[in-house]
Amino acid sequence: MARAKTMPPRHRELGLSDQQVRELYRTMVLARVIDERLWILSRQGKAHFVLTSRGHEAAQVGSALALRVGYDYVFSYYRDMALGLALGFTPDDIFLSVLARQGDIMSGGRQLPNHLSSRRLRVATQSSSVASQIPHGAGAAYAARVLGEDFVAITYFGDGATSKGDFHEGLNFAAVWKLPAIFFCENNGWAISVPLDKQMGTATVAERAAAYGIPGVRLDGCDPLAVYAATREAVERARRGEGPTLIDAEVVRLTPHSSQDDDHYRTRDVLDEAKRRDPIPRFRRYLEEQNLLDEAEDARLWDELRAEVIAAQERAEAAPPPPPEEARRHLFAAEGR
Ligand SMILES: Cc1ncc(C[n+]2csc(CCOP(=O)(O)OP(=O)(O)O)c2C)c(N)n1
C-alpha cells in the first residue's frame, strides 16, 4: 500500500538516519561485489571452495544493525559473509580466508571460507556441521545469565538446520532458562537440493517456536528494514530478561548452494522468482524514492567498491601461505596456541 506523503519514511520511523540506511545499502553492495569475485576465483581454480550470501544480504546486514557489535555474541554459519562485513570484517579478511593465506584472522588458513571468527568482535568460530552452532549460542546466552551481564547471543542458521537435533536442544534449553538468545533462521527454502516441504511437517519455520513456548516471527528477509525492526525487538526482549525469540527471515538463494553445486534441481521458474525478490535492487529503489540515491551515485558506488574489492583480492593473492611447519598449530594442544 502506498504511504501517505505526510508520513515519515520507514527508516526514520525506526529511528535510523539517512546515513545509516545509505551505509546499510553500501554493505549489501560490498558483499555482492565480493560474492561476484569469489565465484570468479572459484572458476579460475584459485579458491578451492566458495559459499556466498547472495540473496541473504538484507537479512544479514539488517539484523547486524540491531546488535551492539563487539559486546553481543554472534554465532554465524558459512553463508554469513555480508553479516561479517556488517560486523566489521574487511574485504581483506574475507579474501585472506578464502585463499587460505597466512594473514587469515579467522583461522590462519585452516577453515573453510566464511567461517567467521574474531575474539575482538565476539564472533565465535564454527564447525561446518550444520546446526552445531545453535547449542553454542544457547550456551553463550547462559553465560550472560551466569556473569550477570546484559549481552545477547544471536545464532544464525539456515532452514535445513532446523531439522537437526541441535536446533531442538538449543531452543529448548534457551526457552526453559529464558536466556537472552536470538535464533535467526535465514530461510531460503532449500537445504542444498532439499526443499522446505521435504524437511519439515510444519508450513513455516516460525511455527516451530510454539513447541518451546517462545515467539516465532516470520518476516520478509529481503527487506532490511523489516529485519532490523524484528531483530531489534528480539534483542530488547532478550536484554529485558524475557527470553529467546525465533526469527524466520524468508530470503532467497540466488546462487547454487556452493561452488560444488549446479542448481540442476531448481526449475527456471523457481530461479526467476528468487531473482525477482533480490534484496539489492529492491532496497536501491527504496533509497531512490527517498531521494537518498540516484542512478549516477549508484553506478559510482559499484565502481568504487569493485576497485576496492579487486585491490583486496590482489593483496590476498600476494600474501604468503601459512608456513608448512605450523600446519598442526591450533589443531592439537601440544602444538602451542
Ligand atoms: C550435520 C551435517 N549434515 C550435512 C551437511 C552437508 N550440508 C552442508 S550445507 C547443507 C544444507 C544446509 O541447508 P540450510 O541449513 O538450509 O542452509 P543454506 O545452505 O540453505 O543457507 C548440508 C546438508 C553438513 N555440513 N553437516
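Modeller: In this predicted model, a backbone N or O atom of Gly160 lies 2.7 Å from an oxygen atom of the ligand. Taken alone, the ligand exposes 580 Å², and the protein buries 72% of that area.

Biologist: Which residues come nearest to the ligand?

Modeller: The ligand has 16 residues around it, and those that come nearest are Tyr77, Tyr78, Arg79, Gly160 and Trp190.

Biologist: What does the side chain of Tyr77 do there?

Modeller: Tyr77 places a polar side-chain atom 2.7 Å from an oxygen atom of the ligand.

Biologist: And how far from a ligand oxygen atom is the polar side-chain atom of Arg79?

Modeller: For Arg79, that distance to an oxygen atom of the ligand is 2.7 Å.

Biologist: How does the shell around the ligand divide by class?

Modeller: The shell consists of seven nonpolar, six polar and three charged residues.

Biologist: Let us turn to pockets. What is the volume of the second largest pocket?

Modeller: The volume of the second largest pocket is about 320 Å³.

Biologist: Which residues lie nearest its centre?

Modeller: Ile105, Met106, Ser107, Ser117 and Thr125 lie nearest the centre of that pocket, out of 13 lining residues. By class, the lining of the second largest pocket comprises five nonpolar, six polar and two charged residues.

Biologist: A change of topic: how many aromatic pairs does the structure hold?

Modeller: There are twelve aromatic pairs in the structure. One of them is formed by Phe157 and Phe167, with an edge-to-face arrangement, 5.8 Å centre to centre and 70° between the planes.

Biologist: Which parts does that pair tie together?

Modeller: Phe157 belongs to strand 3 (residues 153-158) and Phe167 to helix 7 (residues 165-176), so the pair ties together parts that are ten residues apart in sequence.

Terms used
Residues are numbered from 1 along each chain as its sequence is written. This is a predicted model: local features need pLDDT of at least 70, side-chain atom pairs count only at pLDDT 80 or more; totals for chains, interfaces and linings use all residues. Side-chain values use heavy atoms; hydrogens and water are left out. A residue is near a molecule or strand if one of its heavy atoms lies within 4 Å of it. A polar contact is a pair of N or O atoms within 3.5 Å; within protein, one must be able to donate a hydrogen and the other to accept it, and residues adjacent in sequence count only if both atoms are side-chain atoms. Accessible areas come from the Shrake-Rupley method with a 1.4 Å probe; for residues, only the protein chains shown count as cover. Ala, Val, Leu, Ile, Met, Phe, Trp, Tyr, Cys and Pro count as nonpolar, Asp, Glu, Lys and Arg as charged, and the others, Gly among them, as polar. On a 1 Å grid over the protein atoms alone, a cavity is a set of points where a 1.4 Å probe fits but cannot get out, and a pocket is an open set with protein on both sides within 12 Å along at least five of seven lines; lining residues have an atom within 4 Å of a point. Grid points are joined across faces, edges and corners, and a volume is the space filled by probe spheres set on the points. Rings of Phe, Tyr and Trp (its six-membered ring) pair if their centres lie within 6.5 Å; planes under 30 degrees apart count as stacked, over 60 as edge-to-face and the rest as tilted. Helices (H or I, at least four residues) and strands (E, at least two) are DSSP runs, numbered from the N terminus.
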